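Trainee: I would like to learn how to read a structure with some care, one feature after another. Could we begin with a charged side chain and a ring, and then work outwards?

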Amino acid sequence: MRVLAWAMMLLWSCSALASSMSINTEADSLTTAQNSPHWQPLNKPFINLGNKVRYGWLRVNLSSHQHPPSVYIIAIDNPLIDSLKAFHLRDNKLINTRTIGSQVDGADRLFKDESLSFYIDTRSPGEHWVYIEVIASDGFRMPVQVHTLKSYFEYKSSFNSLFGAVMGLAATLILTTLFFFILSRQARFLLATAYISALALIGIYVFGYGYRYLHPDTPWLQTAVLPLLLIAAPSLLVALNQTLIAPIKSKTAITVMLITVVIGLLPNLLPAAIADPIVVVASTLFCLFGAVYSAWQGYRKQQQQLWVLSIANLMLLALMGYFCLNYFGFALPINKTSWWLFLPPASSALLVCFVVIRNLLSQHSERMRAQQQALAEQQTRDQLLAQQLALEEQTKEELENKVEERTIELQITLRELEEKNTELERINNEDPLTGVKNRRFFDKRLEHELRRSQRDDAPLSLLMIDIDHFKKVNDSYGHPAGDAAIKLVSHTIKACLRRPFDHVCRYGGEEFAVILPNTTHEGALKLGEEVCTEVGQQQVEFSEHQFSLTVSIGVHTAYGETTAHAGDITHMADEALYHAKAHGRNQVISSQSLP
């Protein structure tokens, strides 16, 4: 249905045609066209010679003052014309020819484009004319535009943005109705999906995007598919009307389907002069029937959904009616922008989506009301039975509530007490300055680990660590700097521990103790060396001062000695520490190496 492409592309034409364009329907070759006196200047931005003129010539003078030397695009925004053969002449000498069209192989197109476009270079000196031979089996209708490269791509970009937005809306509606069909398994959602898909495909094929993106190697498929889509859209809408009134019988559905297929295939079986009017008129009548039928059923059944669906039919009828009037040669007043042309199909698709979803919600509401009514009746019966035991149940419930309240209050009190005890225990066992465990925790933990070591016959190691020259730090930088040094050393020691059951404790002042359960003497010495190295690499930054520290470490390991006491282990590690401090500091000394 090439008339559809002409009618829709006609409204998008944005460049005015000047007296440099003219048409001729008398010539039958390039030679006769050049010498023919029957050229008629174009005085409107489109060509519409009705459905009886199927052959003619278009002439464009690209040498006038309105067309300075440049590269031009002559765009025929009707991608369904059978054949366009362009002859580029300079000073009456043929430069080149090019043939494109819906029935012509797309390989002759210089660039992929949904329009039928010719690339004309007039930068060489001389008088440039372009003669275009037009073969259109369903009538001589063409919106013609002459663009520079810049204006052409700006025009295409603007139109593609609008078309992309419309197709995005269509895709959203298709996915929405398909989603509801999967959820509800209702035929009306499948019909709505098919209807919106048909509208989208009509737009895709009318504007040439089917050739460009779907099947670039078979441009003729556009003219084969479009009639079927054109008759399918109103047929699907009529079927959707019926589903809202009563379930469709299988025989009725098959009959409508066969009629749709037969009418849609007529242009592929009969000459365009016979088949095209049938398809255009049948599509318009289907839309008219759907609008009247929906409005009548809406009035008879007092259903607002049918009234809305009638408006959707009227939107489609407006579009089909416009195509029908233009097909039979009635030129309608138009503007140079065509955004409103997308309103009828977009509005129809939105209304259809609204109607089917609203119908589903109405059915759900009716089911909910029926369930609520049944529930109310059951509740009435239950209330009559419940009144007999009301006093007893009330007393029992009050007693249970009081017991439950007291139980909850007791649980809350016990939980709060447990949290406070835990927090108190943490505070009692934690050094406030460094955040590590304190002396109190150390004494208890060492006794506990010693008993476990004796019980399991496992080694227990202890590190005693003291910051070297700490008094000098306090004297030189002040006690706050000393606090910062203590915190740095404690964090460094803690970072060296690998196991969660190893504990670092502040033993007193600048002295720390590290309890290492199940750790051999060699492992304890290795850890002491690591701590000594890490501390020596740190820098204490306090106020404007920066200084480094070293530590001395004493190590002692008890091997499950049943007679050992915690004080003995601490004493041996302390002796090793004092030996380390007395012999140069910044080192690790084992109690086993003491004389």
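Mentor: Let us begin with Arg185, which lies over the face of Phe181 at 6.0 Å from the ring centre. Keep in mind throughout that this is a predicted model.

Trainee: Which ring has Lys437 over its face, and at what distance from the ring centre?

Mentor: Lys437 lies over the face of Phe441, and the distance to the ring centre is 5.2 Å.

Trainee: Where is Arg185 found, and is Arg185 buried or exposed?

Mentor: Arg185 is found in the loop between α3 and α4, the latter covering residues 187-206. To read burial, one takes the relative accessible area, and over 50% counts as exposed; Arg185 has 60%, so it is classed as exposed.

Trainee: Which residue has a positive phi of about 55° although it is not a glycine?

Mentor: That residue is Asp91, whose place is in the loop between β6 (83-90) and β7 (93-100). Asp91 has a relative accessible area of 45% and is therefore partly exposed, because that class takes in the values between 20% and 50%.

Trainee: How should I read a pair of aromatic rings, and how many aromatic pairs are there?

Mentor: One reads the distance between the ring centres together with the angle between the planes, and planes over 60 degrees apart count as edge-to-face. The count comes to ten aromatic pairs. One of them joins Phe179 and Phe180, edge-to-face, with 5.8 Å from centre to centre and 75° between the planes. Phe179 has a relative accessibility of 48%, and so it counts as partly exposed.

Trainee: What is the geometry of the aromatic pair that Phe442 and Tyr507 form, and why does the pair tie together parts that are 65 residues apart in sequence?

Mentor: Phe442 and Tyr507 are edge-to-face, with 5.3 Å from centre to centre and 90° between the planes. Because Phe442 lies in helix α12 (residues 439-456) while Tyr507 lies in strand β13 (residues 503-508), the pair ties together parts that are 65 residues apart in sequence. Both Phe442 and Tyr507 are buried. Elsewhere, Trp39, Trp129 and Tyr131 form one aromatic cluster.

Trainee: Turning to sheets, in what order do the three strands of the open sheet come, and which strands stand at the edges?

Mentor: The order is β8-β5-β11, with antiparallel pairing. The edges are taken by β8 (116-121) and β11 (144-148), each of which has a single partner strand, so one side of each is left without a neighbour in the sheet. From one strand to the next, the twist averages 20°. Strand β5, residues 71-76, pairs with β11 over five bridges, and the bridge partner of Ala75 in β11 is Gln145.

Trainee: Which helix packs on the sheet?

Mentor: Helix α3, residues 149-184, packs on the sheet and touches β5, β8 and β11, and the direction of α3 makes about 120° with that of β11.

Trainee: How many helices and strands does the chain have, and what share of the residues is buried?

Mentor: The chain has 16 helices and 18 strands, and buried residues make up 48% of its 595 residues. Among contacts between residues at least 6 apart in sequence, 76% join residues at least 24 apart. The accessible surface of the chain comes to about 30,100 Å², with 58% of it belonging to carbon and sulfur atoms.

Definitions and conventions. Residues are numbered from 1 along each chain as its sequence is written. This is a predicted model: local features need pLDDT of at least 70, side-chain atom pairs count only at pLDDT 80 or more; totals for chains, interfaces and linings use all residues. Side-chain values use heavy atoms; hydrogens and water are left out. Two strands pair if DSSP finds at least two bridges between them. Helices (H or I, at least four residues) and strands (E, at least two) are DSSP runs, numbered from the N terminus. Axes are lines fitted to C-alpha atoms, for helices over the stretch in contact, and angles run from 0 to 180 degrees between N-to-C directions. Contact means heavy atoms within 4.5 Å. Buried means under 20% relative accessible area, exposed over 50%, partly exposed in between (1.4 Å probe, protein chains only). Accessible areas come from the Shrake-Rupley method with a 1.4 Å probe; for residues, only the protein chains shown count as cover. Rings of Phe, Tyr and Trp (its six-membered ring) pair if their centres lie within 6.5 Å; planes under 30 degrees apart count as stacked, over 60 as edge-to-face and the rest as tilted. A charge sits over a ring if NZ of Lys or CZ of Arg is within 6 Å of the ring centre and within 35 degrees of the ring normal.
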